2 protein chains.
Amino acid sequence: MARSAACPAPSPGASADVADTDLPLVTEGPFAGWRSWSGRDPWETLTGPFYFRREGEAVRCAFRVEAKHLNGLGVIHGGCLMTFADFALFAIAHPLIGTGPAVTVSLHGDFIAAGREGELVEATGEVTRASRSLVFVRGLLTAGERTLFGFSGIIRRLSGP
Amino acid sequence: MARSAACPAPSPGASADVADTDLPLVTEGPFAGWRSWSGRDPWETLTGPFYFRREGEAVRCAFRVEAKHLNGLGVIHGGCLMTFADFALFAIAHPLIGTGPAVTVSLHGDFIAAGREGELVEATGEVTRASRSLVFVRGLLTAGERTLFGFSGIIRRLSGP
C-alpha cells in the first residue's frame, strides 16, 4: 500500500531513470542481483521476501512459493497474490518514481490460474500513465508459461502537489 | 483466494442459511464467540487471525492490527487489507455457500484511509448476486467511524456446474 521515505524522495515531477541504488542489493543465493523492500516493511518481511530487478527499460519481480503462501486448497492464497501485485506496482513504477513516499489508491486483480508451492512466480508490467501525483500500472503474474493473475492499480505520490 | 472442502460441501445450488457450526468457534479471549479459518489455511495462519460472526442476517469480520500488518510508512499494508477483504468475501458469502470449495475470481479494492497498529478493523458487506456458480460480494473495511477500504469481488463455487 505504501512505501517509506527512508531514502531521500525524488523531487515532485522527477522523471525516469531514478537510480536503482537506493534499495538493498541481494548479494548471494538464488536472488543475487535482485533488490527488495523486505526488512523495511514489516508485512513484506513476514510474507516475503519479494524481489525485483531492472531488465533494460522494464522491471521484473519474483518470489519462490513457500508453504506459508498457500490457502486451504493447497494453492497460492489470493491475499498473497494481491500482496505481490501491490509490491509489483511500486517495483514497476520504481524507475520512474524511486522510493519517495507513495500509496496505493486502488488495486484490481483477476485470478486466472492457481499457483503451487515451489514455483517461481514472476511479475512484469508497465506504467500506462503517470501524472505528477498519480501513476497507473498494469501487469501480469506468471509461473513459467502459465498466467496466474492479471492486475491494474493506481499509486498516488505523496510528494506530489 | 480459495477455501478447502475440509467439511462436506453443500450441494450445488444450496440455498441460504448454511449452518455456522462447520468452522471452529473461538471460546476465549477478546474474540470469544467469533469463528475463523485460521489453522486450516497457512497464509491466514501466518497473517491473521481474522474472525467473523453472524449478526442476524448479516456477517461481521474483524481483526486487531499488529505490528506485522504494517508497511514501511507505519500504516496497514495494502496486501493486508486485500487479504482481509479476500477473507471477508468468503465470510460474507458463508451463510449462503458454507465451506464448500470455492475460489476468488476477481477482487477490487479502493484504499480510502490509513489504518494503524492497535485498531480494530471490521468488515461488513453483502452478497449482491448469487448464481449457481458465481457469488458477487461488496463490502467496506472500517476502523471505528473511519472507512479505510471499499472492495468488491466475485467468488466461483467449484461445486457448481
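Reply: Beyond its neighbours within four places in sequence, Ser106(A) is in contact (heavy atoms within 4.5 Å) with Ser152(A), Gly153(A) and Ile154(A), and also with His108(B), Gly109(B), Asp110(B) and Phe111(B). The model is a predicted one, in which local features need pLDDT of at least 70 and side-chain atom pairs count only at pLDDT 80 or more, while totals for chains, interfaces and linings use all residues. Residues are numbered from 1 along each chain as its sequence is written, chains are lettered from A and ligands numbered from 1 in the order in which they are written, and side-chain values use heavy atoms, with hydrogens and water left out.

Ser106(A) belongs to strand 4 (residues 102-111) of chain A; strands (E, at least two residues) and helices (H or I, at least four) are DSSP runs numbered from the N terminus. With a relative accessible area of 9%, Ser106(A) is buried; buried means under 20%, exposed over 50% and partly exposed in between, for a 1.4 Å probe and protein chains only.

Phe111(A) and Phe149(A) are both buried. Rings of Phe, Tyr and Trp (its six-membered ring) pair if their centres lie within 6.5 Å; planes under 30 degrees apart count as stacked, over 60 as edge-to-face and the rest as tilted. By this rule there are 21 aromatic pairs over all chains. One of them is stacked, joining Phe31(A) and Tyr51(A) at 4.1 Å centre to centre with 15 degrees between the planes. Phe31(A) and Tyr51(A) are both buried. The pair of Phe111(A) and Phe149(A) is edge-to-face, because the ring centres are 4.9 Å apart and the planes at 70 degrees. Ring pairs also link Phe50(A), Phe52(A), Phe63(A), Phe84(A) and Phe87(A) into a cluster.

As to the two chains, the contact takes 41 residues from chain A and 40 residues from chain B. The area buried between them is about 3100 Å², of which carbon and sulfur atoms give 69%; buried area is the accessible area (1.4 Å probe) lost on putting two parts together, summed over both. Strand 4 of chain B gives the most to the side of chain B that touches chain A, with 10 residues.
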